[in-house]
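Here are a few friendly notes to read with the structure open beside you.

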Amino acid sequence: MQNVSEIIIERMGEKGDGMAQGRAYPRTLPGEKIDAAGQVVAPSPVRVPPFCPVFETCGGCKLQHWAQVPYQEWKRGLLVAALKARGLETDVKALIDAHGAGRRRVALHVRQIANVWRAGFMAEGSHALVPIDVCPILVPKLQGVPKIAAAFGPFFGECDVSATLADNGIDIAIKASRILADKAVAQFDAFMRENAITRVAVNGETVAQLAPPNIAMGRVLVALPVGGFLQATAEGEEMLARLINESLGKSKQVADLFCGIGPFALRIAEKRACTAVDSSKPAIAALQFAIRNTQGRKPLKAEARDLFQNPLIAQELNVFDAVVLDPPRAGAESQCKMLARSKVKRVIYVSCDVQSLARDATLLAAGGYVLQQVTPVDQFKYSPHLEAVALFTQLRN
């Protein structure tokens, strides 16, 4: 007879929590028995030991305790379910693990605990800092960055520190309410050299720089703008670019919308003419500079334009054989409405949110596009976040 105080986890929810009786239980697995306090009393046979010492309290990773096969099946299932809920059925490929060497960017909170400055992540569902010295899901050169971030506490007080690994060092961006005088900033020089930091920016402005942080994208070296977006892992970027190029088929004229600093456009232009568009003027400026200093590629141009408020209309789109989109989490509703009216034969949609992808897919389907296939890519491993590359084609002229 079952103890009435015990609960059996029914399924894994979309946010990576075990679900039972309509309630979420973090760090539990389907089939596990838990007590009234949410503690596991009968673990699942697919539970594995988490490799991070603060997994149970940190609000970062949610799924280190789950074996790879059921974890990957569940994550692919998020995409399948989102499409099915919109009446869309297609060939959903197997999940591709793109964690590679680890994540190359991280955002940390810096707070003072017992008169000591520490950096870390907030505990799940609270504003309590879980201090860490090492983060094992980051690339090796960033794993010790929490100690670097904490060192900014005496200068800026409570702040948020983002770190990105560029090819020539670590790029630091700080959000803080306390602003330093130039004389104080001069103290960073030795610290930056000691920790291979190329640049320190505060509230969007560069305050110290030893060299512009840059990163190779295909055959091109691109300077990272302050706060510029970068795919979470190098392996993820390479995989997404490969899937895009495979999906382009024989297309000769391609538009790369929401292009950022050009991780896809620069690779597309190795074989095809490309027009890259993004709302971020610093990103477009960085891409334009890279274009001017690169040879041996097909024509590539870049322009700044707000694709949410001012999407490319059908007449503008019709000059392209294919369109690549990589919008932020909110998706590209306005742009997809225009694509649905266009004659573009191929649309390759890169998404970091399965729900907005499914919504926009219905808009394209209403315009005559067929969703041929979707490939889920896991560059946010141990989390419920999922990347996907969807290929749409249309036969009408």
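1. Which residues lie nearest the centre of the largest pocket? They are R103, R105, V106, A107 and F121, out of 50 lining residues. A pocket here is an open set of points on a 1 Å grid over the protein atoms alone, where a 1.4 Å probe fits and protein lies on both sides within 12 Å along at least five of seven lines; lining residues have an atom within 4 Å of a point.

2. A word on the basis: this is a predicted model, where local features need pLDDT of at least 70 and side-chain atom pairs count only at pLDDT 80 or more, while totals for chains, interfaces and linings use all residues. Residues are numbered from 1 along each chain as its sequence is written, and side-chain values use heavy atoms, leaving out hydrogens and water.

3. The largest pocket has a volume of about 1300 Å³. Its lining divides into 28 nonpolar, 14 polar and eight charged residues.

4. The second largest pocket has a volume of about 490 Å³. Among its 31 lining residues, F229, F258, G260, D278 and D326 are the closest to its centre. The lining splits into 17 nonpolar, seven polar and seven charged residues.

5. Now the cysteines: the count of disulfides (cysteine sulfur pairs within 2.5 Å) is zero. The sulfur of C274 is 7.9 Å from the closest cysteine sulfur, in C259, so it is too far for a bond. For C336, the nearest cysteine sulfur is that of C352, 13 Å away.

Notes: Points joined across faces, edges and corners; volume = space filled by probe spheres on them. Nonpolar A, V, L, I, M, F, W, Y, C, P; charged D, E, K, R; others polar.
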